[in-house]
Amino acid sequence: MTASPSPDSSVDLVTLGQRLRHLRRTRGMTLDQLSEAVGRAPSQLSLIENGKREPKLSVLQAIAAALGVPMQDLLRPEAPSRRAGLEIELTHLQKNAAYAALGLPVVKGGRRLPPDALESLIGLHRELNRVLTEQSATPEVARRANAQLRVEMRQRNNYFAEIEEAANKILLSVRHTTGPLSQRGILDVAAQVGFSLHYVNDLPSSTRSVTDLKNRRIYLPQVASGKGHDPRGVVLQTLGHFVLGHNDPADYGDFLRQRVEVNYFAAALLMPERFAVDFLTEAKADRALAIDDFRDAFGVSYETAAHRFTNLATQHFGIPVHFARVHESGIVYKAYENDNVRFPSDVTGAIEGQPVCRKWASRTVFEAEDPYSSFYQFTDTTAGTYWCTVHVESTRSGEFSVTVGTPYEHARWFRGGDTASRTVSNCPDPDCCRRPPSDLVGRWSGNAWPSARVHSHLLAALPPGTFPGVDNRDVYDFLERRS
């Protein structure tokens with residue numbers, strides 16, 4: 001004899017029990033009366049009402065008939081009342097592993113629990129979950145969010161038409177008609193968006209700018225930070241949040257997405273699409289595309305020019321590209337591709353924090369006789385042959401290579417596309433560049449004990465708060481002083 005089918009496994013037993021109790025009480029029935037009507041012990045029905053037992057379909061049918069309602073009324077996913085909804089939420093919250101780990105007793109959410117106590121318990125649980133979620137925003141969370149964002153960027157060839165349109169509207173509104181955006185133009189843009197700019201010497205150390213929304217002021221440092229940030233870009237990135245309609249980031253993924261969008265917006269103003277495309281079109285016709293020239297024509301940093309090139313290269317010229325910012329140690333800090341180059345990645349799909357092949361141009365440039373001059377290289381990889389142009393920049397954190405690359409067949413459009421420099425990379429085969437030669441292994445295996453330099457930025461938990469890494473106390477104290 002087979003058992004009667006059970007309710008759909010997607011039915012929440014706690015909600016089912018609350019609906020049963022609500023309908024029973026609405027009809028003025030006691031548990032004893034209902035048990036007599038359905039032929040089940042009151043204790044069994046009590047377990048069902050408390051969400052501790054999954055009833056058989058035949059029992060549900062009998063209960064529905066006894067209560068005079070369609071069985072579907074018992075199986076609805078919504079709580080029967082606001083109070084019942086809070087009791088359901090409390091039950092689920094107390095089942096969380098995080099709460100169980102505290103060793104605290106379970107509080108029953110029945111009628112004897114006053115409404116204000118129930119509300120308070122729910123609030124405490126929600127805050128506990130929020131704090132624990134923020135604390136668990138580990139590098140893995142960041143890497144997963146970054147990996148997902150990179151997939152979205154690849155799907156649209158790193159071209160954001162809606163941001164280009166927003167930037168173009170701003171440029172038209174300030175009557176910008178040609179070439180790079182000047183400092184005067186940036187002041188006009190700020191005024192157009194409804195903000196005034198104020199340069200101060202006491203910005204909180206965790207910020208690059210602070211915006212006073214009450215008085216529509218943007219506070220900026222009197223002196224550039226020295227970390228490679230273009231002061232014009234900082235202003236335009238800040239304005240971008242308001243032009244693009246950003247709200248407080250909901251999570252770290254949202255924070256990253258907003259950062260990508262405002263960086264794009266700033267670049268689209270500093271290097272307007274129409275003028276940038278005209279410049280690149282002429283260079284391509286001369287087979288002389290060069291990030292250096294692109295940078296110099298618009299007076300921006302090399303990295304900004306490289307990023308902007310990836311925005312436009314595929315969309316306007318059909319040239320697939322990849323971009324990478326790699327530390328002298330070989331670790332990837334930033335990367336993007338839509339040309340199928342195979343960046344190293346971890347199990348989450350994240351590229352950041354991974355070591356690139358020693359044969360790639362991003363690393364061989366550091367071994368060049370003059371790494372600070374224009375550097376070009378072809379690299380034969382397991383995914384095909386790629387041409388790259390690389391620029392090295394020095395920062396307080398060491399030297400970084402900024403690479404823009406493209407498949408072999410597109411190299412002809414670039415200055416340096418005829419380079420004779422060529423390497424072969426067989427990564428991820430460990431014999432390519434990661435496994436030491438056998439003679440060295442024989443001499444040194446078991447006789448070496450290195451003390452590792454830990455990349456702490458890749459291990460530390462992300463700072464909590466709406467805007468990761470920003471100390472709100474410092475920000476509010478600053479605004480209070482300036483108000």
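This is a predicted model: local features need pLDDT of at least 70, side-chain atom pairs count only at pLDDT 80 or more; totals for chains, interfaces and linings use all residues.
**View 1. Phe309 and Phe414 form an edge-to-face aromatic pair.** By the rule applied here, the count of aromatic pairs comes to 12. In the pair formed by Phe309 and Phe414, the ring centres lie 5.7 Å from each other and the planes make an angle of 70°, which is edge-to-face. The pair links distant parts of the chain, since Phe309 belongs to helix H16 (residues 302-317) while Phe414 is in the loop between strand S8 (398-407) and strand S9 (422-424), 105 residues apart.

**View 2. Two arginines are placed over phenylalanine rings.** Arg156 lies over the face of Phe160, at a distance of 4.1 Å from the ring centre. For Arg325, the charged end sits over the ring of Phe400, and the distance to the centre of that ring is 3.9 Å.

**View 3. Helices H12 and H13 cross in a right-handed manner.** The axes of helix H12 (residues 231-243) and helix H13 (residues 252-270) come within 8 Å and cross at roughly 120°, which makes H12 oblique to H13. On the side of H12, the contact is made by Arg232, Gly233, Leu236, Gln237, Leu239, Gly240, His241 and Val243, and on the side of H13 by Gln258, Val262, Asn263, Phe265, Ala266, Leu269 and Leu270.

**View 4. The peptide bond from Cys427 to Pro428 is cis.** The omega angle of this bond is near 15°, and Pro428 lies in the loop between S9 and helix H18 (430-433).

**View 5. Arg216 and Arg287 have positive phi values.** Arg216, a residue other than glycine, has phi near 55° and is found in the loop between strand S2 (210-212) and strand S3 (217-221); with a relative accessible area of 34%, Arg216 is partly exposed. Arg287, likewise a residue other than glycine, has phi near 50° and lies in the loop between helix H14 (273-285) and helix H15 (291-298). The relative accessible area of Arg287 is 45%, and Arg287 is therefore partly exposed.

Technical notes: Residues are numbered from 1 along each chain as its sequence is written. Side-chain values use heavy atoms; hydrogens and water are left out. Rings of Phe, Tyr and Trp (its six-membered ring) pair if their centres lie within 6.5 Å; planes under 30 degrees apart count as stacked, over 60 as edge-to-face and the rest as tilted. Helices (H or I, at least four residues) and strands (E, at least two) are DSSP runs, numbered from the N terminus. A charge sits over a ring if NZ of Lys or CZ of Arg is within 6 Å of the ring centre and within 35 degrees of the ring normal. Axes are lines fitted to C-alpha atoms, for helices over the stretch in contact, and angles run from 0 to 180 degrees between N-to-C directions. Angles under 35 degrees count as roughly parallel, over 145 as roughly antiparallel, 65 to 115 as roughly perpendicular and the rest as oblique. A crossing is left-handed if the near helix is turned anticlockwise from the far one by less than a right angle, and right-handed if clockwise. Contact means heavy atoms within 4.5 Å. Buried means under 20% relative accessible area, exposed over 50%, partly exposed in between (1.4 Å probe, protein chains only).
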